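I opened my notebook today to look up pockets and charged pairs. Come along and check each entry with me.

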Amino acid sequence: MENHEELLREVFGESSDSEDLDPQTKHHQTRDPIPSWEQIKEINGLWLCRGFLSPQHQSSLVSAVLNGWFKEDSHNQAMRFGDLPAWAIELSSSIRDAVFLEDHVSEPINSVTSNGGTKPCILPSNLLWREPLFDQLIVNVYHPGEGICAHVDLMRFEDGIGILSLESSCVMHFTRVEEGGSDIVEHHENHPLTTKVPVLLTAGSLVIMSREARYLWKHEINRKPGFQMWEGQELMQERRISITLRKLCQVD
């Protein structure tokens, strides 16, 4: 436990209730909270980290993205392949640290659960320690009413994808790909076992998709009126920014 706490402090800084901090530590602690992961149990390989970035880090990231790539209102998408900008490299490093702490420090990856199975990991080791972790990014700016159609990311990208949400909250729905087809099937009496799984993405949250979540489930965001519902309430839709990080497949 002591080594665990020391490593958490080394990577993420002191907790907010620490007193008499020096300026450097205070600056460091405002950047990102200690990550808290949630496994979406209906979907193998889908993990959510709420509050992955602190409000200060979110604000600086939004400024970097908008001022660097979206100076004109008509621009709503930017891509980068290969050499990523410095902020994206830092983001990738933070993702690796957060996954490592959860999978290998908080509890050993081979620890036994209450039902006798082994603890699931966020990313398998071969994905977590690949170099680079990500070498492609896409940034999208969505205005109210704009979303993404149901899809599985292209096969030109490897397993292990990260999606960071900024600004407006939204609900992302996941639907399993039909065997032998690509159509999304709604929940109705002819397909009682096929349903959409909603996941709430708040500002600063991170989604990791691997294995079945990456290949066997489509994801979508419908921001038209009446579709963004969470716990019986419709979410207020404002501008939303998403940053998707992926790794291109190697070509022999």
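Below are my entries, and I note at the start that this is a predicted model.

Entry 1: I looked up the largest pocket and found a volume of about 320 Å³. Of its 22 lining residues, I138, H151, D153, T244 and R246 sit closest to the centre. I then listed the elements that give two or more residues to this lining: β3, β4, β5, β10 and β13. By type, I noted 11 nonpolar, 7 polar and 4 charged residues in the lining.

Entry 2: I found D153 and R246 joined by a salt bridge, at 2.8 Å from N to O. D153 is in the loop between β5 and β6, while R246 is in strand β13, 93 residues away. Are these two buried or exposed? I looked, and both D153 and R246 are buried.

**Entry 3: a second pair.** K247 and E158 also form a salt bridge, with their closest N and O atoms 4.0 Å apart. K247 lies in the segment after β13 and E158 in the loop between β5 and β6, so this pair ties together parts 89 residues apart in sequence. I noted both K247 and E158 as buried.

**Entry 4: a third pair.** E212 in helix α6 and R176 in strand β7 are 36 residues apart, and their side chains meet in a salt bridge at 3.5 Å, N to O. I wrote down E212 as partly exposed, at 28% relative accessibility. R176 is partly exposed too, at 35%.

**Entry 5: the wider search.** Salt bridges with shared partners join R130, D135, E158 and K247 into one network. Over the whole structure, I count 9 salt bridges.

Technical notes. Residues are numbered from 1 along each chain as its sequence is written. This is a predicted model: local features need pLDDT of at least 70, side-chain atom pairs count only at pLDDT 80 or more; totals for chains, interfaces and linings use all residues. Side-chain values use heavy atoms; hydrogens and water are left out. On a 1 Å grid over the protein atoms alone, a cavity is a set of points where a 1.4 Å probe fits but cannot get out, and a pocket is an open set with protein on both sides within 12 Å along at least five of seven lines; lining residues have an atom within 4 Å of a point. Grid points are joined across faces, edges and corners, and a volume is the space filled by probe spheres set on the points. Helices (H or I, at least four residues) and strands (E, at least two) are DSSP runs, numbered from the N terminus. Ala, Val, Leu, Ile, Met, Phe, Trp, Tyr, Cys and Pro count as nonpolar, Asp, Glu, Lys and Arg as charged, and the others, Gly among them, as polar. Buried means under 20% relative accessible area, exposed over 50%, partly exposed in between (1.4 Å probe, protein chains only).
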